[in-house]
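Thanks for opening this one with me.

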Amino acid sequence: MAEDSDLERTEPASAKRLSTAREDGNIPRSRELSTFAVTMTGVALLMVMGGKLGRFLGDTMHRLLTFDQTTVQNAEPALVRFKESLFGALWELAPFFGGLALVAIFTPTLIGGWNLTFKALEPNFGKMNPLSGIKRLFSLNAVTEGVKAILKSLLIGGIATWYIWKERGEIIGLLAMPLEAGIQKMTDLIIHTFFIVTAAMILLVAIDVPYQLWSYYKKLRMTKEEVKQEFKEMDGSPEVKGRIRQLQREAARKRMMQEVPKANVIVTNPTHFAVALKYDDTMRAPQVVAKGSLILAEKIIDSGKDNHVPIMRSPRFARALYFHAELGQDIPAQLYAAAAQVLAYVFQLRQYQAVGGVAPVYPDQLDVPDELDPYSKRQQDSAPEESR
């Protein structure tokens, strides 16, 4: 399909796509880097430990192949000697093979880093499809690996041939040297040849590592449509986000309505706005526990009536609270005086209803600054305050 074409994959891989690839075990790796590191380490260890290992192995072979009369008549000492020699050889070779193992484990992490995942071990029957296998044989990656193998053979073979030809005099001279000296010289020549050939592989590494990184990120490139789809999945589609906001508003509204019965008073204008106020000794100032307009205002008023919360009609104060006070926060300082008048009336009314006495005076004129009532000027020019 066109959307799957490499020509369409113009966008770099996103962080999510790279993370998913790592979880699937798909990370950049350079086989040439690992081969070079392990081979060079082996040559270096042979150059450092070769003499000691050679002497040990020579002594071991001498012990194992030396027989006396007792050994001929009884094989038990020979078996004991063989077991001791075997464990001794393993002990002596442990640093050599241990160094190779460490390099083999840590070198691949130089590109791609650590990645522990078991998804690569899961069965994938799609890889058993012969058509897929044939397709991989003629893929760009197969061609690249073939070219790399040819170049590697030419490079290593050419350098090895050049070095052997260069040292041909030394090699021919081995025939005239004593046996032990000749073996030592031949060993040195072999190690030096391996070292030079291995060092030449750094050229392959310098080519392969950038290529593997480029190929890895190229395979993970995305189409513009995939980028858009991933963005929608991460950020959420407008429909889903709208539904989430709706549910959040409904939950917030439900919590707010649960606070209405705890209010001391509900201030209205009387139908457009309703604000529930609460104050106790633990608060620094009165707080708005619920507010709403139109239908929500009617619900707040109905809830207040059902729970015997006093309802006061004060349009200017209600509008000022609705537009300038936030839920769960103290009211503005400019409204302290008006709130004090309202709460004092409510507390006096409650006392009067409980024990009788002198009825409190309803606060008709509340101290509400004009700048906090967005309708104040329009009210003065058009309609009475009570009608709003």
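1. Let's start with Asp208: which residues does it touch, leaving out those up to four places away in sequence? They are Ser30, Arg31, Glu32 and Lys148. Please keep in mind that this is a predicted model.

2. Asp208 sits in helix α9, which covers residues 202–219. Is Asp208 buried or exposed? Its relative accessibility is 2%, so Asp208 counts as buried, the cut-off for that being under 20%.

3. Of its 388 residues, 30% are buried. If you take contacts between residues at least 6 apart in sequence, 74% of them link residues at least 24 apart.

4. Next, have a look at the largest nonpolar core, which holds 22 residues. Leu277, Phe317, Leu321, Ile331 and Leu335 have the most contacts inside it. The elements giving two or more residues to this core are β1 (265–268), β2 (273–278), α13 (315–324) and α14 (336–355). The most comes from α14, with 6 residues.

5. Setting aside neighbours within four places in sequence, Ile331 is in contact with Leu277, Pro286, Val288, Leu321, Ala325, Tyr336 and Ala339. Another core, of 13 residues, lies apart from the largest one; Ala274, Ala276, Leu296 and Ala297 are among its members.

6. Finally, the surface: the chain exposes about 25,700 Å², and 62% of that is supplied by carbon and sulfur atoms.

Key: Residues are numbered from 1 along each chain as its sequence is written. This is a predicted model: local features need pLDDT of at least 70, side-chain atom pairs count only at pLDDT 80 or more; totals for chains, interfaces and linings use all residues. Side-chain values use heavy atoms; hydrogens and water are left out. A nonpolar core is a set of buried Ala, Val, Leu, Ile, Met, Phe, Trp, Tyr and Cys residues joined through side-chain atoms within 4.5 Å. Buried means under 20% relative accessible area, exposed over 50%, partly exposed in between (1.4 Å probe, protein chains only). Helices (H or I, at least four residues) and strands (E, at least two) are DSSP runs, numbered from the N terminus. Contact means heavy atoms within 4.5 Å. Accessible areas come from the Shrake-Rupley method with a 1.4 Å probe; for residues, only the protein chains shown count as cover.
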